Amino acid sequence: MIAGLIEWLLIASVRLIARPTWRQAHANAQQCIYVANHSSHLDAVLLFSTLPAELRRRTRPVAAAEYWTAGPVRRYLIHSLFRGVLVGRQGSPMNPLEPVSAALRQGDSLIFFPEGTRGPGGILQPLKPGIFHLARWFPDIDIVPVWIDNSYRMLPKGFAIPVPLLCSITFGAPLRWKEGQQQDEFLAEIRESLEALQQPKP
C-alpha cells in the first residue's frame with residue numbers, strides 16, 4: 001500500500017515537472033521490449049510514467065546495478081517501485097543478459113537502453129549487441145523503439161535535481177528479429193527506427 005502511494009506520487013511529480021507526452025503509436029499492450037535512447041537517469045522513470053497502470057504493473061526497467069544499489073532510496077525505488085532488472089556493466093562477474101532473459105521468460109515487458117550507457121543527448125551512441133541476442137533468443141517478442149526527447153536537459157550528467165522542462169516520448173512501430181538476420185543488420189535497423197522518431201528541431 002505504501003509502495004503504491006509512493007509510486008503514484010512519483011509518477012504524478014514526473015508528469016507535473018516534465019509533462020511527458022506520447023507521440024505516434026500507443027504503447028504495446030502485449031509483452032515487448034521497449035528500446036529507447038538514453039541520456040539521463042530520468043529516462044526509465046519518464047518512459048515508465050507514460051505507460052497506463054495495467055502496463056506498468058508488468059513492465060520492468062533494465063538498470064545498472066552499481067547506480068541503483070548505491071544508497072537506500074535508490075534501492076527502494078528500483079526494487080519496490082520499479083521492480084527493476086539489475087545488471088552489471090562490462091567487467092562485472094555478473095552476466096548482464098542472464099537476469100534480463102529470466103524476466104522475459106516469466107512474461108515481463110522490459111525497458112531496455114541498447115546504447116548501454118548515457119549519451120550526450122540528441123544523438124545515439126553505438127548500440128551494444130545485447131538487444132540483438134535478446135531479439136534472437138525471443139523472436140516472438142516485439143521490439144518497440146522509443147525516442148525520449150529533452151531528458152538530457154532536464155537532468156544532465158552531474159546534476160541531482162531535475163529542471164522542469166517539457167519532454168516527449170515517441171513510440172514507433174514494433175519490429176522483430178528475422179530468421180538469418182545478422183547482428184550488424186539488426187542493430188542498424190534498430191538505430192534507423194529510433195532515429196526516425198526524433199522530432200525536428202525548430
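How many cavities of 30 Å³ or more does the count come to? I looked that up, and the count comes to one.

**Ground rules**

I am working from a predicted model, where local features need pLDDT of at least 70, side-chain atom pairs count only at pLDDT 80 or more, and totals for chains, interfaces and linings use all residues. I number residues from 1 along each chain as its sequence is written, and side-chain values use heavy atoms, with hydrogens and water left out.

**The cavity**

For my notes, a cavity is a set of points on a 1 Å grid over the protein atoms alone where a 1.4 Å probe fits but cannot get out, and lining residues have an atom within 4 Å of a point. Grid points are joined across faces, edges and corners, and a volume is the space filled by probe spheres set on the points. The largest cavity comes out at about 30 Å³. I find N37, H38, S39, E115, G119, P120, G121, G122 and I123 in its lining. I sorted them by type: two are nonpolar, six polar and one charged. Here Ala, Val, Leu, Ile, Met, Phe, Trp, Tyr, Cys and Pro count as nonpolar, Asp, Glu, Lys and Arg as charged, and the others, Gly among them, as polar.

**Whole chain**

I get nine helices and seven strands in the chain. Helices (H or I, at least four residues) and strands (E, at least two) are DSSP runs, numbered from the N terminus. Of the 202 residues, 49% count as buried. Buried is under 20% relative accessible area, exposed is over 50%, and partly exposed is in between (1.4 Å probe, protein chains only). Contact means heavy atoms within 4.5 Å. Taking contacts between residues at least 6 apart in sequence, I see that 72% join residues at least 24 apart.

**D108 and S109**

D108 sits in the loop between helix 6 (97-105) and strand 5 (109-112). I count D108 as buried because its relative accessible area is 8%. Its side chain makes a polar contact of 3.0 Å with the side chain of R60. A polar contact is a pair of N or O atoms within 3.5 Å; within protein, one must be able to donate a hydrogen and the other to accept it, and residues adjacent in sequence count only if both atoms are side-chain atoms. Neighbours within four places in sequence aside, D108 has contacts with Q31, R58, R60, R83 and A103.

S109 is in strand 5, and I call S109 buried because its relative accessibility is 2%. A polar atom of the S109 side chain lies 3.0 Å from the backbone nitrogen of C32. Not counting residues up to four places away in sequence, S109 touches Q30, Q31, C32, R58, T59 and R60.

**C32**

I followed that pair over to C32, which is in strand 2 (residues 32-36). C32 has a relative accessible area of 0%, so I put C32 down as buried. Beyond its neighbours within four places in sequence, C32 has contacts with S109, L110, I141, D142 and V144. I also checked C32 against L175: they are 143 residues apart along the chain, and their C-alpha atoms are separated by 10.0 Å.

**S40**

S40 is in the loop between strand 2 and helix 2 (43-50). S40 counts as buried because its relative accessibility is 0%. A polar atom of its side chain lies 3.1 Å from the backbone nitrogen of L42. S40 and N150 are 110 residues apart in sequence, yet 9.2 Å apart from C-alpha to C-alpha.

**Helix 6**

Which residues of helix 6 are buried? I list L97, V100, S101, A103 and L104. They cover an arc of only 160 degrees around the axis, so they are on the same side of helix 6. The arc is that of the directions from the helix axis to the C-beta atoms. E98 and R105 are exposed on the other side. The buried residues pack against strand 2, strand 3 (59-64), strand 4, strand 5 and helix 7 (130-137). Just after helix 6, G107 has a positive phi of about 95 degrees.

**Helix 5 and R83**

In helix 5, I note L77, I78 and L81 as buried. Its buried residues fall within an arc of 115 degrees, so they line one face of the helix. R83 is not a glycine but has a positive phi of about 50 degrees. I flagged this because most residues other than glycine have a negative phi. R83 counts as partly exposed because its relative accessibility is 31%.

Conventions:
On a 1 Å grid over the protein atoms alone, a cavity is a set of points where a 1.4 Å probe fits but cannot get out, and a pocket is an open set with protein on both sides within 12 Å along at least five of seven lines; lining residues have an atom within 4 Å of a point.
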